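Biologist: I am new to this structure, and I would like to go through the terms used for it one by one. Please show it first.

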Amino acid sequence: MAYVHDFGEGDASRRDLLGGKGAGLAEMTQLGLAVPPGFTITTEACREFMATGQVPDGLWAEVDRAMARLESASGRTFGKGPQPLLISVRSGAAFSMPGMMDTILNLGINDQVVTELGAWSGDEHFAWDAYRRFAQMYGEVVLGVDERHFQEVLEDLRAGRRAASDADLTTKDLQHACRRFQTIINGRSGQPLPPDPEMQLREAITAVFASWGNERAFRYRRLHDIPDHLGTAANIQMMVFGDLGTNSGTGVCFTRDPGSGERRPYGDYLPRAQGEDVVAGIRNTLTLDELAPLHPACHEQLLAVMEGLEKHFRDMCDIEFTIERDRLWILQTRAGKRTAGAAVRIAVDMAEEGLISRREAVNRVDPASLEQLERPRIDDNARPMPLATGVAASPGAASGRAVFDADRADAMARDGEKLILVRAETTPEDIHGMAAAQGILTSQGGKTSHAAVVARGMGKPAVTGAAAMRVDANAKVAHIDGVTIREGDVITIDGTTGRIFNGLAPMVEPRPIDQLEQLLAWADEIRSLGVRANADTVADAKKARAAGAEGIGLARTEHMFMGERLRIVQRIILSDDPAERAAALQDLMHQQVEDFQGLLVAMDGLPVIIRLLDPPLHEFLPSRFELEQEMVQRLRLGREIADLERMSAQVARWEEDNPMLGLRGVRLGLIVSDLYRMQTQAALEAVTRQLRAGADPKLEIMIPLVVTVEELVRMRAMIEEEIRRKEAETGLQLHVLIGTMIELPRAALTAGEIAGAADFFSFGTNDLTQMTYGLSRDDAEALFLRQYLEEGLLEHNPFQTLDRQGVGRLIKVAVKEGREANPGLEVGVCGEHGGDPASIAFCRESGLDYVSASPPRVRVARLAAAQAELSGDTGSPVDR
Ligand code: PEP
Ligand code: MG
């Protein structure tokens, strides 16, 4: 099999082999666009390199032949004048990993070629600038010299000329820089910058393959679930020059607005620059409208290319282009990264324009991203005064403590701090700090800079290009307009408008995206899996219903016992005095009737599962330590402590070493039996009131932590007794389902028996995961799970994404045996996994009736359930 393919040979269907960039270049070449010629070395070659540490046999011979073809296609010569061929060597994996791996530009230059290049271009300044860029990139990427050393030389030269950017340096400066760079490379790496272009090329290709294994690429893959074994392709392409005089430049454009999704071309253009300058955001860019008067023909041509590519790929495309001496070249295309809101808008608009089908539209939006649509924005009615305004790079508002370095951000986030990462610009080295922060603020860059692209991908607010801000990362301060922001100071950024505020700015709940309900309506037509919500309050229930929840899958009653009510529960559990207990129970019952009726009203006509109390007892009872401290204080004041002593003794009676494995759920319901009876009575009273009001209450009562069928049989008998009593008292017919959670492995394995006493099962996958793994859900994530994930001991956090092999197997057994014993059994999931797209796909596969998710994830679940139905249909034809 050939490792090398000319751009003219391939097409977009071969992205596994050619990588995204290679596939896009091949496809565009086939379309006849003005793509500089070149070839792709396949991911297969990289995989062999990873396995053996050597490039495959015969690769260099193939590369030599491809270079000969490239010379004849370009009419230029590699390593020689009079028309020297310079090339770029770029990585390009099957999945887009912006800026994560290495690129080398202007390869093929040396002390002779630079002179020939100057003569050919008639621009010595350009030739020497190309050389110094090459030396810098090659030194860094291939020979591992810290970029800082090159930057120091450039800074000195800029300071000497009082120059704002490298473009203002003189030819002499650039010649000096090239010599200095060669000395630095020699000194730091022990090797010279190789003058032989062939050697440059081989070393560069090897370095690109090796960059697949670098730390930042590894981190990026972890964050985006990209498998490590895929490898990257390498693309070798004739250089075209955006920095060849004033009638050249380079840019990035999107066929629709990547921020809002609006159907209008959008882009950044930088005159007299190479591509890296745009992405790095070193200078401020022009818009496409501003490009039009500079290069009217190229502008018109570019718009036509954009339209053609969008039609061809049937998706919003991101296109890199260069204008070399008034001639347009297209360098790259891929599916454009977009905000969550833009993704929704683009998918629905494209379906309505007839460009894609509704099913494709449903598949085009990442369900998890819908959560960010619910992000807060700044409350402008409060007229907050911004300190400064930068580029609105990724929407949403965020507040947090300023932090100036990624490692520090990572550490502070582990302590639970909310943070804004403040940098001059971000690089791939900052990725973990960006992941740790709530928002990103940079003084440089535009909408396509690294900070902007990565923040959009992560779904975090970002403001870039805040030119009024000066960042001193070493001193951990930023200065904006006379205000000094130090590490730990709270700031707010608004990525929707680009504003920056000192302190906490007032925020409001977000407004929905107009097209979202349309997309979700299409999703609802497709999905078979039901979606309910976990809600314990009327406000949450209303929010969930508005988001499309088809009922409550879990109302945790222990969440209703805060503050004063907690003390009532404590009295019920601890008191020896029957009269005191009875009074406390009555008291609580009245309050519970109100609680339950509120939920039934909010979900009228839809099922509401009320789970009887499942208190973590250690959280519900007073702490003996605190009681003892109070005793000490009272003794100091000479006051009576008998009541505290009594309480402390009572608490001691209930204390457990492993509360998670102790008196929880139904166990407490059996031991303190009047608690569950009281809750049942309250729920039935709430139903009665609703029926009398002419409403349609659909109550389901659920018993937690059942492990033997006998527990459920007893509870069922108690509940049925209460139902009969209530029916006799009111003359009403009460239709109430009685079911159980399946959250212990034994319950899952004996589901056939348990189903005989249950109308429904709801998998409590939080506990089921905890109990199956023997991992404490309260402790493991903070203590060691992160390390397990980083070291690849676990592929996913099982508390976030359901473990198919273990926990999933228990679920499958329980569904099968439960339904065999009781064909009418209703089955759902109410653990956190009910809102996680990958877990939702598993739930559908396993034949569950519904998932229950937290209210902000109800829309996520609706879309994910539809996508689970469509699994097998492909996503975007361009990318992903
Ligand atoms: C569960 O265990 O998955 C569940 C939903 O119950 P809780 O989280 O309240 O223990
Ligand atoms: Mg549980």
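What follows is a conversation about how some parts of this structure are described.

Modeller: This is a predicted model, in which local features need pLDDT of at least 70 and side-chain atom pairs count only at pLDDT 80 or more, while totals for chains, interfaces and linings use all residues. Residues are numbered from 1 along each chain as its sequence is written, chains are lettered from A and ligands numbered from 1 in the order in which they are written, and side-chain values use heavy atoms, with hydrogens and water left out.

Biologist: What makes Glu743 and Asp767 ligands of the magnesium ion (ligand 2)?

Modeller: Donors are N, O and S atoms within 2.8 Å of the metal (3.2 Å for Na, K and Ca), and because water is not among the atoms, sites may look incomplete. Glu743 (OE) and Asp767 (OD) coordinate the magnesium ion at 2.0 to 2.1 Å, so both meet that definition. Glutamate 743 lies in the loop between strand S29 (737–742) and helix H28 (745–749), and aspartate 767, 24 residues apart from it, lies in helix H30 (residues 765–773); helices (H or I, at least four residues) and strands (E, at least two) are DSSP runs, numbered from the N terminus.

Biologist: Why is glutamate 743 called buried?

Modeller: Buried means under 20% relative accessible area, exposed over 50%, and partly exposed in between (1.4 Å probe, protein chains only). Glutamate 743 has 1% relative accessibility and therefore counts as buried, and aspartate 767, at 3%, counts as buried too.

Biologist: Why does serine 74 count as buried?

Modeller: Serine 74, which has its place in helix H3 (residues 59–74), has 15% relative accessibility, so it counts as buried. Leaving aside neighbours within four places in sequence, serine 74 is in contact (heavy atoms within 4.5 Å) with Pro37, Leu85 and Met238.

Biologist: How do you know that strand S26 (residues 552–556) is largely enclosed by the rest of the structure?

Modeller: 5 of the 5 residues of S26 are buried, and therefore the strand is largely enclosed. Two strands pair if DSSP finds at least two bridges between them. Strand S25 (residues 530–534) and S26 pair in the parallel sense over 2 bridges, with asparagine 534 having leucine 554 as its bridge partner in S26. Strand S27 (residues 607–611) also runs parallel to S26 and is joined to it by 3 bridges, and here alanine 555 stands opposite isoleucine 610.

Biologist: Why are helices H5 and H6 called roughly antiparallel?

Modeller: Axes are lines fitted to C-alpha atoms, for helices over the stretch in contact, and angles run from 0 to 180 degrees between N-to-C directions. Angles under 35 degrees count as roughly parallel, over 145 as roughly antiparallel, 65 to 115 as roughly perpendicular and the rest as oblique. Helix H5 (residues 124–141) and helix H6 (residues 147–161) pack at about 155 degrees, with their axes 9 Å apart, so the two are roughly antiparallel. Residues of H5 including Arg132 and Ala135 meet residues of H6, among them Glu147 and Phe150.

Biologist: What makes strands S13 and S14 stand at the edges of their sheet?

Modeller: The open sheet has 8 strands in the order S13-S23-S22-S15-S16-S17-S18-S14, with mixed pairing. Strand S13 (388–389) and strand S14 (391–394) each have a single partner strand, so one side of each is left without a neighbour in the sheet.
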